[in-house]
Amino acid sequence: MNITAKQIAEMVNVSKQAVYSVLSNKPKCLVSPEKKEKILFLAKAYHYKPNAAAVSLNGKSTWQVGAVIDSFSGVEGHIVSLLASKLEMENYTLKVAKITGIKQGVEMIHNFISSGADAVVFSGRKLDGINYEDFRVPLLAVNREFGTDYFTGCRMMTEHLIKHHGHKKILHVASEAGPFPKYLGYCEAMNEAGLKSLPVLHTIMNPKFSESLKKYLDQGVTAVVTSGDDTAALLIYYLRSIGFRVPEDVAVTGFESFGSYPEISSLTDPVDKVAATGCRMLLQKIREKIYAPLVPQLIVPELKTAGSCGCAPVVFDRIAEFYSESGLISR
């Protein structure tokens, strides 16, 4: 059971109002520094949680944060999970809801606010362009205000293929079409090397994927930078099934590595650093009552080379086993 304000007051020998003043960080607080330190210690150590409904009605902090995200799995879900743990250390509770559409996502933000949330974290990918001024609590966008520097990461990987392996015709394969940061990073690396960037080849809902890929291979593409490790693994299996060796004929790289495919050259998402950055920014917004977007703080991923680009011995048996009966790409 969590400690109450009354229990803290009795243990420190102060009034309940004094406890509330300390925990709400009131500027005019008459509690001595020693007792203030004891109150904060007890609240954190014994997980003090004020009554959300009562506190919300009084316009005070509820120590609750809402999160409206695209997926409970994947990178975004992993970041929010780590964010929840870090916020708990600061005595905040994070409640999560999944987006099914833009309208529903905006409604979920309003629902969190109505229930007394001190702030709301939301998916910058799914709710891009949201007007912060339409809401009466601080908002923080994952992969907009804080997140992984996908642009720099994909540029780094493309540069690696160019400078360390001598590839000149490189393709970018992503789950979706569009000028996303990873594709733009690929384009910049190609342009800086004086090479021609190719249009992004997307996989989802693309019945001509196999046909388009074969066309690029016939035109001399020798390396593929993908937007994710799962996409890279699928591509490796497909290339080998039609007679191409990886990396001897075609090098393949991934992104968002969590160690699932150690044989794939990839970029490891710095999720713990991203979550720590998000936690600092969120607390700053809550404490300073910042209702506008902050300057983005993006963390550069770590380049991890392996067999799929030619930097290590090739061992792809597990990928073949995983995709042997998937039928995800038609021949």
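The structure is a predicted model. Its chain has an average pLDDT of 87, and 89% of the residues score at least 70. No disulfides turn up in a search of the whole structure.

**Confidence**

- Helix 4 (residues 52–57) has the lowest confidence in the chain, with a mean of 48.
- Within residues 53–57 the pLDDT is below 50, and this stretch has six contacts in the model beyond near neighbours in sequence.
- Confidence is highest in strand 8 (residues 223–226), at 98.
- Residues 324–331 also have a pLDDT under 50, and the model gives them 14 contacts beyond four places in sequence.

**Helix 2 and helix 3**

- Helix 2 (residues 16–23) and helix 3 (residues 33–45) have axes that come within 10 Å and cross at roughly 80°.
- Helix 2 is therefore roughly perpendicular to helix 3.
- On the helix 2 side, the contact is made by Val19, Val22 and Leu23.
- On the helix 3 side, Lys36, Ile39, Leu40 and Ala43 make the contact.
- Six residues of this contact are nonpolar, one is charged and none is polar.

**Cysteines**

- A disulfide is a covalent bond between the sulfur atoms of two cysteines.
- The cysteine sulfur closest to that of Cys309 belongs to Cys311 and lies 3.5 Å away. A disulfide needs the two sulfur atoms within 2.5 Å, so the sulfur of Cys311 is too far from that of Cys309 for a bond.
- Cys309 is buried, with a relative accessible area of 3%.
- Cys279 is buried too, and its relative accessible area is 7%.

How values were computed. Residues are numbered from 1 along each chain as its sequence is written. This is a predicted model: local features need pLDDT of at least 70, side-chain atom pairs count only at pLDDT 80 or more; totals for chains, interfaces and linings use all residues. Side-chain values use heavy atoms; hydrogens and water are left out. Axes are lines fitted to C-alpha atoms, for helices over the stretch in contact, and angles run from 0 to 180 degrees between N-to-C directions. Helices (H or I, at least four residues) and strands (E, at least two) are DSSP runs, numbered from the N terminus. Angles under 35 degrees count as roughly parallel, over 145 as roughly antiparallel, 65 to 115 as roughly perpendicular and the rest as oblique. Contact means heavy atoms within 4.5 Å. Ala, Val, Leu, Ile, Met, Phe, Trp, Tyr, Cys and Pro count as nonpolar, Asp, Glu, Lys and Arg as charged, and the others, Gly among them, as polar. Buried means under 20% relative accessible area, exposed over 50%, partly exposed in between (1.4 Å probe, protein chains only). pLDDT is the predictor's confidence in each residue, from 0 to 100.
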